Amino acid sequence: MPTYVNPEKCDGCKALDKPACQYICPSDIMHLDKSIGKSFNIEPDLCWECYACVKTCPQSAIAMRGYGDVVPMGASLTPLRGTDSIMWTVKFRNGQMKRFKYPIRTTSWGSIEPFSGFEEPDPEELKTGGLCGQEQFLGVPDLPTIPSA
């Protein structure tokens, strides 16, 4: 079921150059109505139901229309994203609530140095089809090439 934006909670991500939901949506269906400063789903039928917008919304303004077998009438499923995890809150029809925390990072912010241990690339090698560290990771000195005719 497609997502929907609660206009009372949405502020259009005023602190960002474009709304987080618009930035993250893989099917490009989340848009900002500049006249009212609110985001909305312009094509619900094309929603992939990946819920990336739901998880990334800083205002928790985007909700899921859950399927009856997962979220029966009167129940809700709400994510709250932190810097290291997503906290899912499940509210059952009888009022009972449960929370589940799932980590989204295994390292601290800014701690990854992807090119440590590699030499500075030669500018001429940047024009070739080689890969960074290909000898080390592939275990071959050169990649196979197609002979030119």
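**Exercise 1.** In which helix is Q22 found? Then work out how Q22 is placed.

*Solution.* Please keep in mind throughout that this is a predicted model.
- Step 1: Q22 belongs to helix 1, which covers residues 20–24.
- Step 2: Buried means under 20% relative accessible area.
- Step 3: Q22 has a relative accessible area of 19%, so Q22 is buried.
- Step 4: Setting aside neighbours within four places in sequence, Q22 is in contact with M30, H31 and L32.

**Exercise 2.** Follow one of those contacts, M30, and describe its surroundings.

*Solution.* 
- Step 1: Find M30 in strand 2, made up of residues 30–33.
- Step 2: The relative accessible area of M30 is 2%, so this residue is buried.
- Step 3: Beyond its neighbours within four places in sequence, M30 is in contact with T3, V5, C21, Q22, C25, F40, N41, C53 and I62.
- Step 4: Take V5 from that list. M30 and V5 are 25 residues apart in sequence, while their C-alpha atoms are 9.5 Å apart in space.

**Exercise 3.** Which residues have the most contacts inside the largest nonpolar core?

*Solution.* 
- Step 1: The largest nonpolar core has 16 residues.
- Step 2: Those with the most contacts inside this core are V5, C21, M30, C53, V54, I62 and M64.
- Step 3: Now look at the elements: helix 2 (52–56), strand 4 (62–64) and strand 6 (85–91) each supply at least two residues of the core.
- Step 4: Not counting residues up to four places away in sequence, C21 touches M30, S39, C53, T56 and I62.

**Exercise 4.** What is the strand order in the open sheet of 3 strands, and which strands stand at the edges?

*Solution.* 
- Step 1: The order is 5-6-7, and the pairing is antiparallel.
- Step 2: Strand 5 (76–81) and strand 7 (97–103) each have a single partner strand, so they stand at the edges, with one side of each left without a neighbour in the sheet.
- Step 3: From one strand to the next, the twist averages 20 degrees.
- Step 4: Zoom in on strand 6 and strand 7, which pair in the antiparallel sense over 7 bridges. For I86, the bridge partner in strand 7 is Y102.

**Exercise 5.** Y51 and S60 each have a positive phi. Where does each residue lie, and is it buried or partly exposed?

*Solution.* 
- Step 1: Y51 is not a glycine, yet its phi is about 60 degrees. Y51 lies in the loop between strand 3 (38–41) and helix 2.
- Step 2: The relative accessibility of Y51 is 16%, so Y51 counts as buried.
- Step 3: S60, also a residue other than glycine, has a phi near 55 degrees. Look for S60 in the loop between helix 2 and strand 4.
- Step 4: With 22% relative accessibility, S60 counts as partly exposed.

**Exercise 6.** How many cavities of 30 Å³ or more does the structure hold? Describe the largest.

*Solution.* 
- Step 1: The structure holds 2 such cavities.
- Step 2: The largest cavity contains about 80 Å³ of space.
- Step 3: Its lining has 14 residues, and C25, P26, C47, C50 and C53 lie nearest its centre.

Notes:
Residues numbered from 1 in each chain as written. Predicted model: local features only at pLDDT ≥ 70, side-chain atom pairs only at ≥ 80, totals over all residues. Heavy atoms only, no water. Core = buried A, V, L, I, M, F, W, Y, C linked by side-chain atoms within 4.5 Å. Buried < 20%, exposed > 50% of the residue type's maximum accessible area, 1.4 Å probe, protein only. Helix = DSSP H or I, 4+ residues; strand = E, 2+ residues; numbered from the N terminus. Contact = heavy atoms within 4.5 Å. Pairing = 2+ DSSP bridges. Axes fitted to C-alpha atoms, helices over the stretch in contact; angles between N-to-C directions. 1 Å grid on protein atoms, 1.4 Å probe; cavity = no way out; pocket = protein on both sides within 12 Å on 5 of 7 lines; lining within 4 Å. Points joined across faces, edges and corners; volume = space filled by probe spheres on them.
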